[in-house]
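Please keep the sequence and the 3D view open while you read this note. Each point can be checked by eye.

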Amino acid sequence: MTPPPMAPVFLDISRLLVRASHPVPTGVDRVEMAYADHLLDRVPERLQFTAINPLGRIVVLPRRAAERFVRRLERAWTLDGAALAPARRMATALRLASLAGRAAGAPGGAKPGTYLIVSHHHLDRPAAIE
């Protein structure tokens with residue numbers, strides 16, 4: 001008998017997408033990045049990145065593109081400021097992709113997993129996260 005799949009972990013990276021144009025991260029930016037790093041290391045098969053799109057919906061982002069963005073932004077903030085321009089372009093592309101993204105959560109009413117929002121980025125939009 002095959003064990004049931006583990007529930008997904010949804011990490012909201014909305015703040016990182018917005019902050020990609022800044023050469024220096026704030027403390028909140030560093031916390032969101034630390035969560036992304038930790039989850040990529042510990043549960044990569046379960047991790048799904050989400051963001052609030054321009055229409056105010058929380059959607060799942062394309063996994064590979066989101067991971068590449070996180071890695072590029074981390075590099076820009078820690079080692080290579082020249083990586084900031086590509087990170088900014090990647091953030092723009094992900095925000096555009098979010099318009100066609102699917103809503104965060106599992107289909108068919110299954111348990112949707114764990115949704116993590118570690119910044120205060122869109123807590124002023126309770127309807128989006130309820």
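Predicted model: local features only at pLDDT ≥ 70, side-chain atom pairs only at ≥ 80, totals over all residues.

The points below cover the salt bridges first, then the strands.

1. The next points take up some of them.

2. **Arginine 19 and aspartate 29.** Begin with arginine 19. Its side chain meets that of aspartate 29 in a salt bridge, at 2.8 Å from N to O. This pair links distant parts of the chain: arginine 19 sits in helix α1 (residues 14–19), and aspartate 29 sits in helix α2 (residues 27–42). The two are 10 residues apart.

3. **Buried or exposed?** Check both partners of that pair. Arginine 19 has a relative accessible area of 13%. Buried means under 20%, so arginine 19 is buried. Aspartate 29 has a relative accessible area of 0%, so aspartate 29 is buried by that cut-off too.

4. **Aspartate 37 and arginine 71.** Here the side chains of aspartate 37 and arginine 71 meet in a salt bridge, again at 2.8 Å from N to O. Aspartate 37 lies in helix α2, arginine 71 in helix α3 (residues 63–78). This pair also links distant parts of the chain, with the partners 34 residues apart. Aspartate 37 is buried, at 17% relative accessible area. Arginine 71 is partly exposed, at 33%.

5. Which glutamate forms a salt bridge with arginine 71? It is glutamate 74, with the closest N and O atoms 3.5 Å apart. Both residues lie in helix α3. They are 3 residues apart, about one turn of the helix.

6. **Strand β2 and its surroundings.** Now move to strand β2 (residues 47–52). Of its 6 residues, 5 are buried, so the strand is largely enclosed by the rest of the structure.

7. **β1 beside β2.** Strand β1 (residues 9–12) is joined to β2 by 4 bridges, and the two run parallel. For a landmark, find valine 9, which stands opposite leucine 47 in β2.

8. **β3 beside β2.** Strand β3 (residues 58–60) is joined to β2 by 3 bridges, and this pair runs antiparallel. Threonine 50 has valine 60 in β3 as its bridge partner. β2 and β3 form a hairpin, with 5 residues between them. Look at glycine 56 in the turn: its phi is positive, about 90°.

Conventions: Residues numbered from 1 in each chain as written. Heavy atoms only, no water. Salt bridge = Lys/Arg side-chain N within 4 Å of Asp/Glu carboxyl O. Buried < 20%, exposed > 50% of the residue type's maximum accessible area, 1.4 Å probe, protein only. Pairing = 2+ DSSP bridges.
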